[in-house]
Amino acid sequence: MTSSIKLYIATTLDGYIADKNDELQWLFDVTGDGDNGYGEFLDTIDTVIMGKRTYDWLLENEPDEWGYSGKDCYVFTHQALPDNDHVKFVHPENLPDFVRTLKGNIWNVGGGELIGLFLENQLIDEFQITIAPVLLGDGIPLFPKGNYSEKLELIETKTYGQFVELHYRKIK
Ligand SMILES: NC(=O)c1ccc[n+]([C@@H]2O[C@H](COP(=O)([O-])OP(=O)(O)OC[C@H]3O[C@@H](n4cnc5c(N)ncnc54)[C@H](OP(=O)(O)O)[C@@H]3O)[C@@H](O)[C@H]2O)c1
């Protein structure tokens with residue numbers, strides 16, 4: 001199966017995925033519609049990748065549930081950590097070669113640092129970005145400064161209550 005890497009993430013209108021204290025209350029406070037399409041998206045995913053700071057956030061904030069059971073999960077870190085029941089810890093020397101070993105549809109969960117790394121390697125095929133009607137002024141940027149540039153085409157827009165989801169595909 002040819003792999004495709006998707007960025008699926010929620011952001012403020014001014015481009016932050018967490019506030020400066022790594023909190024997401026601004027996101028949970030927005031009125032959406034049902035699960036805002038999350039379950040439908042997750043069903044399409046075979047492999048999940050995330051940065052270590054996002055993994056730590058999940059362990060701290062959602063300790064009782066691992067939301068990605070049945071998927072291959074990889075956490076990027078420079079630290080040598082033992083794998084566990086849920087995830088493998090990785091620090092690939094050659095990112096494109098590593099990505100070629102991954103199965104099926106791949107979800108890049110974030111955060112910003114991992115997104116920047118993948119953009120610098122031209123490794124994101126689809127961008128499914130949910131915009132919350134919130135301005136924060138500061139925080140963790142969705143798209144950190146970096147050595148990348150992409151042209152995208154719009155595939156679809158959806159609204160879920162106060163959220164707007166923008167779905168783009170990379171123009172190759
Ligand atoms: N709004 C949303 O939907 C959403 C989604 C995801 C995340 N978030 C938020 O985003 C924040 C985290 O984002 P972030 O940008 O600070 O961090 P991040 O991208 O989640 O993780 C950064 C970490 O990844 C590891 N890493 C980065 N590049 C690497 C490489 N080339 N090789 C190996 N490991 C590498 C490093 O871990 P080590 O330091 O261990 O080496 C680095 O500290 C959290 O607040 C989270 O809640 C929000």
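## Strand pairing around β1

In β6, N108 is the bridge partner of L7, and N105 in that strand is the bridge partner of S4; here helices (H or I, at least four residues) and strands (E, at least two) are DSSP runs, numbered from the N terminus. β1 and β6 pair in the parallel sense over 4 bridges, where two strands pair if DSSP finds at least two bridges between them. β1 also runs parallel to β7 (residues 126-132), to which 7 bridges join it, and in β7 the bridge partner of K6 is E126.

This is a predicted model, in which local features need pLDDT of at least 70 and side-chain atom pairs count only at pLDDT 80 or more, while totals for chains, interfaces and linings use all residues. Residues are numbered from 1 along each chain as its sequence is written.

## The sheet as a whole

The open sheet has 8 strands in the order β5-β4-β3-β6-β1-β7-β10-β9, with mixed pairing. β5 (88-90) and β9 (152-160) stand at the edges with a single partner strand each, so one side of each is left without a neighbour in the sheet. On average, and with direction ignored, neighbouring strands of this sheet are turned by 20° against each other. α3 packs on the sheet, where it touches β3 and β4, and its direction makes about 100° with that of β3; axes are lines fitted to C-alpha atoms, for helices over the stretch in contact, and angles run from 0 to 180 degrees between N-to-C directions.

β3 runs parallel to β4, with 5 bridges joining them, and Y74 in β4 is the bridge partner of I49. Leaving aside neighbours within four places in sequence, I49 is in contact (C-beta atoms, placed from the backbone, within 7 Å) with Y74, F76, I106, N108 and V109.

The largest nonpolar core has 25 residues, and those with the most contacts inside it are V48, I49, M50 and I115; such a core is a set of buried Ala, Val, Leu, Ile, Met, Phe, Trp, Tyr and Cys residues joined through C-beta atoms within 7 Å. The elements that give two or more residues to this core are β1, β2, β3, β4 (72-76), β6 (105-108) and α5.

## The ligand shell

The ligand is surrounded by 26 residues, of which A18, G51, R53, G110 and G111 are the closest. Two or more residues of the shell around the ligand come from each of β1 (4-12), β2 (16-18), β3 (47-51), α3 (52-61) and α5 (112-120).

Y160 has its place in strand β9 and, with 17 C-beta neighbours inside 10 Å, counts as partly exposed. Leaving aside neighbours within four places in sequence, Y160 is in contact with G32, D33, N36, G37 and E165.

Note on methods. A residue is near a molecule or strand if its C-beta atom, placed from the backbone, lies within 6 Å of it. A residue is buried if 20 or more other C-beta atoms lie within 10 Å of its own, exposed if 12 or fewer, and partly exposed in between; C-beta atoms are placed from the backbone. Two residues are in contact if their C-beta atoms, placed from the backbone, lie within 7 Å.
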